[in-house]
Amino acid sequence: MSTFPRPGFLAIELDGAGRDGADLTRAVLAAESAGFHVATFSDAPAPGRTNALQRAAFAGPVTRTIALVPEVDTVYTEPFHVSTQLASLDYVSLGRAGWIVAAAESPEAAAAVGRSSVTGAALGQEAAASIEVSRRLWDSWEDDAVIRDVPTGRYIDVDKLHYADFETPAGFAGAGYSVKGPSIIPRPLQGQLPVLVPASLLGEVSAEAVDAVLVSAPSAELLAAEVRDVRARVGAGVATIAELDVVLDARGQAAGSRVATFDGGRAAFAGSAAGLADFLASLLAEADGVRLHPASLFIDLEELSRLVLPELRRRGLLRPVVQDGTFRDVLGLERPASRYASATAAPYGAGK
Amino acid sequence: MTQHNRAKSDVFVPSGQIQFGVFFQGVNSGTIWKAPESGSQTDFESFRRIAQTAERGLFAAFFLGEGLRLREHLGRPHALDVVGRPDAQTMLAALASVTENIGLVATQNTTYNDPADLAHRLASLDLISGGRAAWNIVTTDNAWTGANFRRGGYLDHADRYKHAEAFVETAKRIWDSWETPDGPARRVLHEGQHYTVDVTPLLPRSAQYRPVLFQAGDSPEGRNFAARQADVIFSAHPKFDAAVEFRKDLVERSIGAGRGANAVQIMPASEFILAATAEEALEKKDWVRNLQIGPQQAVAYLEQFWGRELSVYDPDGPLPEIDPVVEETSETRGSGFHGAKARQLADQWRAEAKDKGLSIRRFVTSKTARIDSTFTGSYTAVADQLAEYARVGAVDGFNISPWLIPTGLDDIVNHLVPELQERGVYPTEYRGSTLREHLGLETPERTAAEAAEAVRA
């Protein structure tokens with residue numbers, strides 16, 4: 001590992017905005033102009049919370065640099081729909097889409113769609129299957145499948161479309177299923193969207209299937225150690241993203257007096273902007289990125305924008321944001337070839 | 001069953017106005033991709049351009065279709081027509097941020113969605129867009145489409161409207177579940193043959209109460225479904241006399257369903273080929289038809305009914321003398337399976353083509369072009385024609401399928417709309433901020449008893 005780690009990136013969870021469009025636009029533009037690299041959109045069921053993928057899609061045309069990453073469930077949703085929706089998000093954001101894989105134990109979500117509740121290791125199996133379906137469908141159109149060849153009258157080259165032919169593996173805990181393919185939409189602009197999973201799903205979901213892992217710890221003190229643990233498990237090829245709740249001194253009020261409790265058992269930082277900058281600096285020495293969950297979106301975002309991010313940039317700890325770049329660019333990932341293309345395009349023996 | 005509590009007049013009153021919607025078609029041979037000015041079918045810019053042009057022309061709504069499996073031809077994906085399109089609601093959510101007024105209509109299937117999930121997503125789109133969302137309700141019943149979904153092909157053809165209606169009823173109960181616009185939400189239960197729903201909805205009513213419901217489907221079953229459930233029906237009857245006839249039929253069905261004569265609006269699908277003069281418009285029509293059905297498309301069209309390759313046949317020659325190799329036609333070009341007797345159809349078509357002296361290409365064009373739904377002519381002549389529709393209330397509007405993306409609405413907005421406005425039959429501003437307001441639909445209302453019944457299932 002290099003002595004001088006690559007500068008890190010910052011994500012912000014925009015929960016708290018988005019019941020209507022104007023509010024959502026204000027939040028995402030504030031996050032983008034503050035210099036955040038990534039905006040995430042929670043989809044856990046909560047009163048008044050609109051669909052995360054649609055909030056991300058709404059934000060697409062009004063932003064230029066920030067990656068838009070919704071949480072999308074894998075257990076009670078149709079993998080074919082999920083894949084198509086995420087590919088479409090990549091189109092409307094010009095390649096800035098990603099996916100936080102959710103697989104929550106939720107009897108309510110099961111009852112809503114009339115299925116029996118999935119628990120334990122089976123959650124990870126559902127997530128792994130759904131990721132595999134999406135990845136195959138995203139590859140199912142080779143990049144140059146649309147040819148628009150007027151002399152032969154062909155809009156597409158059929159040889160560059162592929163059936164996904166997915167089947168749930170033997171020993172699959174839930175109801176097995178298959179997905180035929182190909183996708184209904186051409187390959188996403190990024191080829192493959194970056195896939196982020198919470199560390200709790202690792203195991204059933206293999207490190208090879210994901211691009212980044214969201215790492216939580218019960219306290220701020222333990223967070224860097226937890227990141228090191230996960231890094232040791234997944235290797236350097238998968239980004240680590242530390243999860244941090246944040247409440248800052250703001251508008252003349254001390255952080256401690258602003259908020260009583262955080263939910264979800266994440267590590268929390270409460271204090272001054274300068275203190276947070278120092279803490280993030282130490283955290284970014286271990287993690288590739290940090291995702292901040294502000295206690296109050298607009299209040300804390302203002303402090304982050306005014307004081308924290310400029311300080312981190314001054315210290316050279318943040319990657320530059322790239323206008324019209326992709327989310328893969330933020331993560332330092334190459335654009336992959338379609339798995340189906342490499343099989344046919346490369347001559348025998350040249351593929352390895 | 002939920003009943004709408006509105007003034008149930010038994011007398012149809014024409015509004016004297018027509019409205020436009022635009023249907024960004026995506027997959028089919030109707031969209032020309034071979035012309036130099038044909039743009040991308042998937043880039044966001046194409047969608048933005050069409051939606052913003054439509055909004056400049058005060059269109060009521062922007063429509064997207066839904067794809068659930070790629071169309072196939074002789075066992076492989078069909079190569080000749082435009083194919084590949086984004087997810088409807090994802091695209092519409094993005095368009096919501098770059099438009100202000102136009103309605104956003106997502107075609108969504110009842111067969112391969114879950115009611116609670118779909119109702120939630122549509123409610124999201126409705127809230128994010130400030131009350132501009134609508135759902136175009138469609139059904140599928142074939143196992144071929146089901147191969148992409150966990151359920152597989154589980155639904156019999158005979159059951160599909162029954163299934164769809166239970167689905168829509170459940171969605172409405174979910175949207176109605178907030179006791180007041182602010183809450184609290186009541187639990188919604190449904191136990192049926194195909195699915196069970198037990199959900200306490202999370203989203204409040206939107207600015208237009210709930211998404212507007214569109215429905216297409218011309219069979220008596222489909223019309224009854226629309227009369228009971230929909231706000232707007234896409235008819236397949238744009239020709240004047242047929243439109244008037246369809247209006248009468250639908251008014252009777254709406255009264256029969258207890259919803260009153262004006263409850264369901266009618267918007268036939270249509271295509272416009274316009275120019276400054278009638279002669280230019282006719283020339284343009286030839287150009288459009290030639291690019292829609294090229295020689296390869298013409299032969300491929302027959303191949304799907306013959307069930308065999310016919311590429312040795314000259315598109316400018318007569319129909320093939322050899323017979324189909326299949327018993328029944330299987331038009332696997334989407335969700336439709338025609339199921340006609342192939343041999344009988346071939347005989348009939350050969351006779352018809354010979355009779356009219358048509359080549360393969362001209363015959364196929366006659367079968368596939370939107371003959372009934374195309375308005376061809378000068379801007380002024382077509383405006384006069386449409387004014388007559390408005391006067392008698394033959395339709396409430398037209399759902400226009402542009403044959404060119406992304407510039408295909410330009411001449412309609414620049415030339416036809418002003419002519420219609422001069423005649424006083426087209427809006428000169430948006431009536432409000434929601435789709436329901438643009439269309440002049442009444443807000444759903446429920447009595448307390450209906451509300452209670454709605455959640456009991």
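Which side chain makes a polar contact with the side chain of A:D300? The views below take you there, starting with that residue.

**View 1. A:D300 and its polar partners.** The side chain of A:R258 is the answer, at 2.9 Å from the side chain of A:D300 in a polar contact (a pair of N or O atoms within 3.5 Å; within protein, one must be able to donate a hydrogen and the other to accept it, and residues adjacent in sequence count only if both atoms are side-chain atoms). A polar atom of the A:D300 side chain also lies 3.3 Å from the backbone nitrogen of A:A295.

This is a predicted model, where local features need pLDDT of at least 70 and side-chain atom pairs count only at pLDDT 80 or more, while totals for chains, interfaces and linings use all residues. Residues are numbered from 1 along each chain as its sequence is written, chains are lettered from A in the order in which they are written, and side-chain values use heavy atoms, leaving out hydrogens and water.

View 2. Look for A:D300 in helix α9 (residues 297-314) of chain A. With 0% relative accessibility, A:D300 counts as buried (under 20% relative accessible area, 1.4 Å probe, protein chains only).

**View 3. Helix α3(A) beside helix α2(B).** Helix α3 (residues 79-92) of chain A packs with helix α2 (residues 88-96) of chain B at about 30 degrees, their axes 8 Å apart. The two helices α3(A) and α2(B) are therefore roughly parallel (angles under 35 degrees).

Key:
Axes are lines fitted to C-alpha atoms, for helices over the stretch in contact, and angles run from 0 to 180 degrees between N-to-C directions. Helices (H or I, at least four residues) and strands (E, at least two) are DSSP runs, numbered from the N terminus. Angles under 35 degrees count as roughly parallel, over 145 as roughly antiparallel, 65 to 115 as roughly perpendicular and the rest as oblique. Buried means under 20% relative accessible area, exposed over 50%, partly exposed in between (1.4 Å probe, protein chains only).
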